[in-house]
Amino acid sequence: MDYDLTNVKLLVGSGGRTQCPACKGGRSGELSCNVFQDQSTGNWLSKCHRAGCPKPLHVLEGLIEWEPQVVLRDRSYKGPILALPLDVFGWCQQQWPCIGNATLDTIKFNPDNNTLLLPIRPVVGKSQGWVEKAASPNWKDCPLAKPSDLGWPNKVKNYYNDPEQTQLLSWYQSQQSLAAVLVEDQLSAMAVADSREYTGVALLGTGINQNKVSQLQQGGIRDIIIALDADATTQAFSMASRWGMAFNSVKVSILPKDFKDFTPDELTDWRF
């Protein structure tokens with residue numbers, strides 16, 4: 001069994017996330033599997049939510065109890081929150097040139113882990129949580145940690161201020177917004193909002209549900225462009241088909257790479 005989950009503990013009725021043994025979370029090693037107990041059979045199951053997964057459902061044989069070794073979605077952040085050091089700020093400028101300096105200032109720093117803290121931003125008001133990101137540096141002396149240095153199976157950990165409010169979006173609004181571009185991560189949402197006349201909304205994953213649709217509507221969004229990662233194109237079209245009637249118009253933009261990895265010229269010239 002390609003799972004390292006036996007002999008660990010998970011209480012009945014709770015759940016967690018882990019990496020899928022079939023698709024390994026794609027290129028980013030995403031924690032795409034929900035682990036839960038089937039109340040009708042008593043079996044522990046994992047279900048992968050990545051559109052390209054060849055085997056999304058697994059029965060975890062021999063598993064009685066399991067306590068996830070990854071951070072659960074309802075955990076609040078209790079570490080230090082500091083402004084980006086100058087060398088880290090300069091690294092971010094080079095890594096993501098489509099993001100303006102004012103937006104980069106919203107990113108904070110955890111000196112204990114040498115990681116970035118991206119705020120989960122509502123339409124109006126204070127941050128509702130944080131996404132802690134371990135970045136992969138481009139040069140040897142960069143101070144940022146790699147996921148492998150921290151023992152993380154994934155590049156990010158999500159923290160929420162309110163354990164009852166975990167189905168959140170993170171908003172980056174353009175003053176002349178024509179529509180909302182829905183992306184998976186905050187950095188791509190920042191790039192869209194700073195480089196084009198659109199509001200960038202990070203889904204914090206690849207899923208959307210009634211709760212998130214309602215947040216978009218309450219935020220004044222009437223037209224959406226779904227621009228997920230290349231390996232989630234099928235899921236993007238499914239999302240458009242299911243929720244299209246909730247908006248005036250819905251488009252799917254098929255990307256060769258994440259918006260955060262575009263050059264300024266590429267993003268300026270990109271046709272939505």
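This is a predicted model: local features need pLDDT of at least 70, side-chain atom pairs count only at pLDDT 80 or more; totals for chains, interfaces and linings use all residues.
Let's begin with Glu-184. You can find Glu-184 in the loop that runs between strand β11 (180–183) and helix α4 (186–195). Glu-184 carries a negative charge, and its position is buried. Which side chain of opposite charge is nearest to Glu-184? That is Arg-50, at 7.5 Å. A salt bridge needs the two charged groups to be within 4 Å, and Glu-184 has no salt bridge.

What else surrounds Glu-184? Setting aside neighbours within four places in sequence, Glu-184 is in contact with Ala-202, Leu-203, Leu-204, Gly-205 and Thr-206, and also with Leu-228, Asp-229 and Ala-232.

Glu-184 leads us to the cavity as well. Searching the whole structure turns up 1 cavity of 30 Å³ or more, and the volume of the largest cavity is about 40 Å³. Glu-184 is one of the residues lining the largest cavity, and so is Arg-50.

Now move to Thr-103, which sits in helix α2 (residues 101–104). Is Thr-103 buried or exposed? Thr-103 counts as buried because its relative accessible area is 11%, and the cut-off for buried is under 20%. The side chain of Thr-103 makes a polar contact with the side chain of Asp-194, at 2.7 Å. Not counting residues up to four places away in sequence, Thr-103 touches Tyr-172 and Met-190 as well as Asp-194.

Key. Residues are numbered from 1 along each chain as its sequence is written. Side-chain values use heavy atoms; hydrogens and water are left out. Helices (H or I, at least four residues) and strands (E, at least two) are DSSP runs, numbered from the N terminus. Buried means under 20% relative accessible area, exposed over 50%, partly exposed in between (1.4 Å probe, protein chains only). Contact means heavy atoms within 4.5 Å. A polar contact is a pair of N or O atoms within 3.5 Å; within protein, one must be able to donate a hydrogen and the other to accept it, and residues adjacent in sequence count only if both atoms are side-chain atoms. On a 1 Å grid over the protein atoms alone, a cavity is a set of points where a 1.4 Å probe fits but cannot get out, and a pocket is an open set with protein on both sides within 12 Å along at least five of seven lines; lining residues have an atom within 4 Å of a point. Grid points are joined across faces, edges and corners, and a volume is the space filled by probe spheres set on the points.
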